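Colleague: Could you walk me through this one? I'd like to start with a ligand site and then see how the rest is built around it.

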Amino acid sequence: MAQTASTAAVAQAPRHIAIIMDGNGRWARMRSRPRTFGHSEGVEALRRTVEAAGELGVRYLTVFGFSTENWRRPVEEVNALFDLLRLYVARDLDRLVKEGVRVHVIGAREGLQPDLLRIIDDAETRTGHNDKQHLIIAFNYGGQDEIARAARRIAEDAAAGKLAPSEVTVERFGSYLDTADVPPPDLLIRTSGELRLSNFMLWQAAYTELVFVDVLWPDFDKAALQSAIDTYRRRERRFGGADTEQP
Ligand code: IPE
Ligand code: IPE
Ligand code: MG
C-alpha cells in the first residue's frame, strides 16, 4: 500500500465506533435485581448512546447486542434479550426513520424467530434510504460465524463459476461479510472492564483502536463516549507504517 501522510497520523474524530455493551448482569447484581433488569437498563444506555453518537458526529455506530455464544445462557434470559430487540425497534423505529438513521442488522439470520426476522427486515427497509447516521446492530453475531458464512458463499459462487479462486482478495472477501457496506471501525469500546473481543468484528478490527473502560454498560452515557473518543484522539494510528516522529 502506498505511503501517505494519513497512514501514520494522530487520529481524528472516529467515523465508526463499535461497542461491546458489557456488564448488564453485574450492574443488576449490584442492585440485587435479576439480570434481565440490567438488560432493560442497557437499552436505555443504547438510546442515549445512539443520540450522543449523532451529536458528536459519529457517522457509524455498531453495537453488540447478542453473540452466537449467548445461546449458552438460560432460555429465559435469551428470550428477554430477543424481546428487548423487539421492544427497541417498536419504540424507536419511527424516530430513527425521521432522524435520518439507517439501521443495519448483522449476524446470522438462522435461529431467529419469523416475527423477529420480519421486524429486522422492516427496520432495514424503512431506514434504507437514510444516510445521515448508521446504526449497525450485531445480533446473533459472531465474527467467526460471519467469516465462515462469507467463505461458504464464496465457495458456492466459485463452484457456480461466478468467481475464480484467484479473485478472492482481501477486498473481495470483505464484500461477502455482513459489513460489506460499512467502513471498518476506527474505535472499539468495551465496557465492564473485560479485556477481550469475545468474537466481535474479528476481521473488521484489524487496525481498530481498542479502548476498555470499567463503566458497566447501563451506566454508559455521552460523557463516557466523549472520554473514549478523547482517548482515541491521543492515539497514533500507524496501519503498519513508520513512526511519524522519526525522520
Ligand atoms: C452484556 O451484559 C449484554 C449481553 C451480553 C447481551 P452481560 O449480560 O454480559 O453482563 P455481565 O457481563 O454478566 O455483567
Ligand atoms: C459479549 O459479551 C457479547 C455482547 C456484549 C452481546 P459477553 O458477556 O457475552 O462476553 P464474555 O462471555 O464475557 O466473553
Ligand atoms: Mg458479559
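This is a predicted model: local features need pLDDT of at least 70, side-chain atom pairs count only at pLDDT 80 or more; totals for chains, interfaces and linings use all residues.

Colleague: Which other polar atoms approach an oxygen atom of ligand 1, say from G23 or R26?

Modeller: A polar backbone atom of G23 is 3.3 Å from an oxygen atom of ligand 1, and in R26 a polar side-chain atom lies 2.7 Å from an oxygen atom of the ligand.

Colleague: How much of ligand 1 does the protein bury?

Modeller: Ligand 1 exposes 370 Å² when taken alone, and the protein buries 86% of that. Two elements give two or more residues to its shell, namely α1 (24-29) and α2 (35-55), and α1 gives the most, with three residues.

Colleague: Can you list the residues around it, and how do they divide by class?

Modeller: The residues around ligand 1 are M21, D22, G23, N24, G25, R26, R35, H39, G65, N70, R73 and L81. By class, that shell has two nonpolar, six polar and four charged residues.

Colleague: Switching to ligand 2, what surrounds that one?

Modeller: Ligand 2 is surrounded by I20, M21, D22, F64, G65, F66, N70, R73, R190, R196 and S198. These divide into four nonpolar, three polar and four charged residues, and the largest share of the shell, three residues, comes from β3.

Colleague: What are the distances from D22, R190 and S198 to an oxygen atom of ligand 2?

Modeller: For D22, a polar side-chain atom lies 3.2 Å from an oxygen atom of ligand 2, while an N or O atom in the side chain of R190 is 3.3 Å from an oxygen atom of the ligand. For S198, a polar side-chain atom lies 2.6 Å from an oxygen atom of ligand 2. Taken alone, ligand 2 exposes 390 Å², of which the protein buries 78%.

Colleague: Now the sheet. What's the strand order?

Modeller: The sheet is open and has six strands in the order β4-β5-β3-β2-β6-β7, with parallel pairing. The strands at the edges are β4 (101-106) and β7 (209-212), and each has a single partner strand, so one side of each is left without a neighbour in the sheet. Ignoring direction, neighbouring strands of this sheet are turned by 20° against each other on average.

Colleague: And what actually holds strands together in a sheet, in general?

Modeller: Strands of a sheet pair through backbone hydrogen bonds, and the pairing can be either parallel or antiparallel.

Colleague: Take β2, then. Which strands does it pair with, and over how many bridges?

Modeller: With strand β3 (residues 60-67), β2 pairs in the parallel sense over five bridges, and F64 in β3 is the bridge partner of I20. Four bridges join β2 to strand β6 (residues 187-190), again running parallel, and there the bridge partner of I17 is L187 in β6. I20 and F64 also both belong to the residues surrounding ligand 2.

Colleague: Is β2 mostly covered or open, and which way do its side chains point?

Modeller: Strand β2 (residues 16-20) is mostly covered, with five of its five residues buried. H16, A18 and I20 point one way from β2, whereas I17 and I19 point the other way, and all of these are buried.

Colleague: What about β3 and β5, how many bridges join them?

Modeller: Seven bridges join β3 to strand β5 (residues 133-141), and the two run parallel. One pair there involves T62, whose bridge partner in β5 is I136.

Colleague: Last topic, backbone angles. What are the phi values of N140 and S192?

Modeller: N140 has a positive phi of about 55° although it is not a glycine, and S192, also not a glycine, has a positive phi of about 85°.

Colleague: Where are they placed, and are they buried or exposed?

Modeller: N140 is in strand β5, and with a relative accessible area of 3% N140 is buried. S192 is found in the loop between β6 and β7, and its relative accessibility of 9% is under the 20% cut-off, so S192 counts as buried.

Notes:
Residues are numbered from 1 along each chain as its sequence is written. Chains are lettered from A and ligands numbered from 1 in the order in which they are written. Side-chain values use heavy atoms; hydrogens and water are left out. Buried means under 20% relative accessible area, exposed over 50%, partly exposed in between (1.4 Å probe, protein chains only). Two strands pair if DSSP finds at least two bridges between them. A residue is near a molecule or strand if one of its heavy atoms lies within 4 Å of it. A polar contact is a pair of N or O atoms within 3.5 Å; within protein, one must be able to donate a hydrogen and the other to accept it, and residues adjacent in sequence count only if both atoms are side-chain atoms. Accessible areas come from the Shrake-Rupley method with a 1.4 Å probe; for residues, only the protein chains shown count as cover. Ala, Val, Leu, Ile, Met, Phe, Trp, Tyr, Cys and Pro count as nonpolar, Asp, Glu, Lys and Arg as charged, and the others, Gly among them, as polar. Axes are lines fitted to C-alpha atoms, for helices over the stretch in contact, and angles run from 0 to 180 degrees between N-to-C directions.
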